[in-house]
Amino acid sequence: MPIIPDAKDWTWVLTKPCPECGFDASNTTPAIAATTIPALLPRWQSALKRAGVEIRPNDSTWSVLEYAAHVRDVFDVFEGRLELMLSEDNPTFANWDQDQAALEGNYGGLDPTLVSQDLVQNGEDAASAFAAVGPAQWGRRGLRSNGSEFTVLTLSGYFLHDLIHHLHDINA
């Protein structure tokens, strides 16, 4: 059964803590993102070793495997957005439909071991990219396709919330 697409604009997490997962993006920097990502990876690896990772808990919630495949791709998407912000002035990010990516990528039918390996590699790559950002670059801007404006600093918080929130979603 297909999941109903999430149409929420989650940019509000930049201005107040998330009441669901408790994450507060207001103090996140690229350096914090870079050091937090490697600490989160073992939790994803462990979650992907659970029995039944491909089973959805209900008709409106992704399985652990689907969330992990999504996070694998989130690492890649946000690393690309960061690189774009650092290499161009005020770029507009291509739209990324996460629900369409899940369908086209058959997230629920993937091999959990391969997803785990790719998630770790993409996470390490993203952590390295954020670690390379200096404070002088934090104000560089980029626009999401819907017009939401980010700086490198706010992108770090928005990105890190996504990773932590999905760990909350899968109770890991």
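Predicted model: local features only at pLDDT ≥ 70, side-chain atom pairs only at ≥ 80, totals over all residues.
In soluble globular proteins, nonpolar side chains tend to be buried together. Here the largest nonpolar core comprises 49 residues, and Ile37, Trp44, Phe75, Phe159 and Leu163 are those with the most contacts inside it. Helix 2 supplies the largest share, 12 residues.

When its neighbours within four places in sequence are left aside, phenylalanine 159 is in contact with Ile37, Val74, Phe75, Phe78, Ala126 and Phe130. Helix 5 itself is mostly covered, with 13 of its 18 residues buried. From its first C-alpha to its last, helix 5 reaches 26 Å, close to the 26 Å expected at 1.5 Å a residue. Asparagine 171, which follows helix 5, has a positive phi, near 55°.

Threonine 29 may be considered next. This residue is found in the segment before helix 1. Threonine 29 counts as buried because its relative accessibility is 15%, under the 20% limit. Apart from neighbours within four places in sequence, its contacts are Trp138, Leu153 and Ser156.

Glutamine 121, in helix 4, has a relative accessibility of 40% and so counts as partly exposed. Its side chain makes a polar contact with the side chain of aspartate 125, at 2.9 Å. An α-helix has 3.6 residues a turn, so residues three or four places apart point the same way.

What, then, of the cysteines, and how many disulfides does a search of the whole structure find? The search finds 0. The sulfur of cysteine 18 has its closest cysteine sulfur in cysteine 21, at 3.7 Å, which is too far for a bond, because a disulfide requires sulfur atoms within 2.5 Å. Cysteine 21 is likewise in no disulfide. Cysteine 18 counts as buried, at 2% relative accessibility.

The charged side chains complete the picture. Side chains of opposite charge can pair when their charged atoms come close. The count of salt bridges comes to 4. One of them joins arginine 56 and glutamate 66, with N and O 2.6 Å apart. Arginine 56 lies in the loop between helix 1 and helix 2, while glutamate 66 lies in helix 2, so this pair ties together parts that are 10 residues apart in sequence. Arginine 56 is partly exposed, with a relative accessible area of 28%, whereas glutamate 66 is buried, at 7%.

Another salt bridge links aspartate 89 with arginine 140, their closest N and O atoms being 3.1 Å apart. Aspartate 89 belongs to the loop between helix 2 and helix 3, and arginine 140 to the loop between helix 4 and strand 1 (141–143), so the pair ties together parts that are 51 residues apart in sequence. Aspartate 89 is exposed, with a relative accessible area of 63%, and arginine 140 is partly exposed, at 26%. A further salt bridge is formed by glutamate 149 and arginine 141, with 3.2 Å between the closest N and O atoms. Glutamate 149 counts as partly exposed at 49% relative accessibility, as does arginine 141 at 36%.

Definitions and conventions:
Residues numbered from 1 in each chain as written. Heavy atoms only, no water. Core = buried A, V, L, I, M, F, W, Y, C linked by side-chain atoms within 4.5 Å. Buried < 20%, exposed > 50% of the residue type's maximum accessible area, 1.4 Å probe, protein only. Helix = DSSP H or I, 4+ residues; strand = E, 2+ residues; numbered from the N terminus. Contact = heavy atoms within 4.5 Å. Expected span 1.5 Å × (residues − 1). Polar contact = N/O pair within 3.5 Å; in protein donor to acceptor, adjacent residues only side chain to side chain. Salt bridge = Lys/Arg side-chain N within 4 Å of Asp/Glu carboxyl O.
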